[in-house]
Amino acid sequence: MSVLLCLDASAQFAKYSNEFLNIGAGARGMSMGNAQVASVTDGTAGYWNPAGLIHVKDMPQLNLMHAEYFAGIGKYDYANLTLPLKDSRRVLGLSLLRFAVDDIPNTVFLVQPDGSINFSNITTFSSADYALLISLAQQVKASADKNISLGVNAKIIHRTAGSFASAWGFGFDAAALMEGKQWKLGAVARDVTTTFNAWSYNISEQMREVFYVTQNDIPSKSTELTAPQLILGGSYNFKINKKINLLAEADLDITFDGKRDEVVSTNPISIDPRIGFELSYSNVFFVRAGLDNFQKVIDDKDTTNQKKIWIYQPSVGAGFKVGDVQIDYAFTNLANQSNPLYTHVFSLRVDLRKKPKKK
């Protein structure tokens, strides 16, 4: 019942709307603290920065990822297919994301009209969020010392809460990428035209009676709006020697939907920094680390609930590449450094190289 009430809202901006689209995509990016706007070069760019898809050339690419959260209660899956177009200056990407929580107890009919409790009336349902991203990248300038690319995402969103509620949403992202020999600058305007979710509800008469008796609001059709978000990033590749490279990236996640509990917190702009590192050997073995989600919260050890401390979300990971296959792993902490909620993330990247024709 509480899930249904949370879904009921008037047509207004929701500060944390479509949050499943902020989790990440690919173990590489998630192990680098989600700092990917500038440095991403594979098919996951359709999620991080669609302009970066321009790096997928010569052959199609497939990316798959699976992660489980809260001891397997929440399941998150991501799939991407990237297709270079014939002119080699445009790349098309198709990405599908799904986040779902299953076996949620429905206790609407737990308490009987006479006040008795009937546990056999408890049923379960699933809450699932889906998003389809259709990405297009275009190279607009190519030279020996500077390349510039543009990208766009069209997003189709579908969210469900059992058979009680469902929503369809649409939105767009716009992106740009500028590259030098060792540096990159990226910018992504998410939900640039404002993304909306139109909710509809299927509430039975019996359930409506329970809501009325318990003085709960009865959900009705509503529209949820997601405000634009700007992400800026820069990366630099330090060439230590012929085989070892150190890639460093720093991003700024800028929101415009009101004051948030972040490093820079004003009304209406808040800024959350991200940093990530990748140490690679011969472009075959990779070790990664990152920090993001900085927040100032009350110290759990302070019994007076007055002292505040800074917390952050750490992440580490590794990967290796063999031929046209790359496997990546990320170990992230959903909460903070003192209250761990660890998650293991695995992803697979395959370059779909065409087999040479037999003579």
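Which exposed residues does the face of α4 turned away from its buried side carry? They are Glu 205, Gln 206, Glu 209, Tyr 212 and Val 213. Exposed means over 50% relative accessible area, buried means under 20%, and partly exposed lies in between (1.4 Å probe, protein chains only).

This is a predicted model, in which local features need pLDDT of at least 70 and side-chain atom pairs count only at pLDDT 80 or more, while totals for chains, interfaces and linings use all residues. Residues are numbered from 1 along each chain as its sequence is written, and side-chain values use heavy atoms, with hydrogens and water left out.

## Helix α4

Helix α4 spans residues 205-213. Helices (H or I, at least four residues) and strands (E, at least two) are DSSP runs, numbered from the N terminus. The buried residues of α4 are Met 207, Val 210 and Phe 211. They cover an arc of only 100 degrees around the axis, which puts them on the same side of α4. That arc is taken from the directions from the helix axis to the C-beta atoms. Just after α4 comes Gln 215, with a positive phi of about 60 degrees.

## Nonpolar cores

A nonpolar core is a set of buried Ala, Val, Leu, Ile, Met, Phe, Trp, Tyr and Cys residues joined through side-chain atoms within 4.5 Å. The largest one has 25 residues. Leu 97 and Val 345 touch the most other members. At least two residues of this core come from each of α2, α3 (45-48), β2 (61-69), β3 (74-84), β4 (90-106) and β5 (123-142). A second, separate core has 13 residues, including Phe 164, Ile 203, Met 207 and Val 210.

Contact means heavy atoms within 4.5 Å. Leaving aside neighbours within four places in sequence, Val 345 is in contact with Ala 27, Met 30, Met 65, His 66, Ala 67, Asp 328, Tyr 329 and Ala 330.

## Residues in strands

Phe 331 lies in strand β17 (residues 325-333). Its relative accessible area is 26%, so Phe 331 is partly exposed. Beyond four places in sequence, Phe 331 is in contact with Pro 314, Ser 315, Val 316, Tyr 342, Thr 343 and His 344.

Ile 271 belongs to strand β14. Not counting residues up to four places away in sequence, Ile 271 touches Leu 252, Asp 253, Ile 254, Glu 262, Val 263 and Val 264.

His 158 sits in strand β6 (residues 147-161). With neighbours within four places in sequence left aside, His 158 contacts Ala 128, Asp 129, Tyr 130, Ser 166, Ala 167 and Trp 168.

The table pairs each of these residues with a partner.

| Pair | Apart in sequence | C-alpha to C-alpha |
|---|---|---|
| Phe 331 and Val 345 | 14 residues | 6.4 Å |
| Ile 271 and Arg 260 | 11 residues | 8.5 Å |
| His 158 and Leu 132 | 26 residues | 8.7 Å |

## Backbone in the loops

Asn 34 lies in the loop between α2 and α3. Asn 34 is not a glycine, yet its phi is positive, at about 60 degrees. Asn 34 counts as buried, at 7% relative accessibility.

Asp 191 is in the loop between β8 and β9 (195-201). Asp 191 also is not a glycine and has a positive phi, of about 50 degrees. At 7% relative accessibility, Asp 191 counts as buried.

Pro 268 is found in the loop between β13 (264-265) and β14. A cis peptide bond joins Asn 267 and Pro 268, with omega about 15 degrees.

## Cavity and pocket

On a 1 Å grid over the protein atoms alone, a cavity is a set of points where a 1.4 Å probe fits but cannot get out. A pocket is an open set with protein on both sides within 12 Å along at least five of seven lines. Lining residues have an atom within 4 Å of a point. Grid points are joined across faces, edges and corners, and a volume is the space filled by probe spheres set on the points.

The structure holds 1 cavity of 30 Å³ or more. The largest cavity has about 70 Å³ of space. Of its 14 lining residues, Gly 26, Asp 42, Thr 44, Asn 63 and Ser 347 are the closest to its centre. The elements α2 (27-31) and β18 (342-351) give two or more residues to this lining.

The second largest pocket has a volume of about 840 Å³. It is lined by 35 residues, and Arg 28, Ser 39, Thr 41, Lys 184 and Asn 283 lie nearest its centre.
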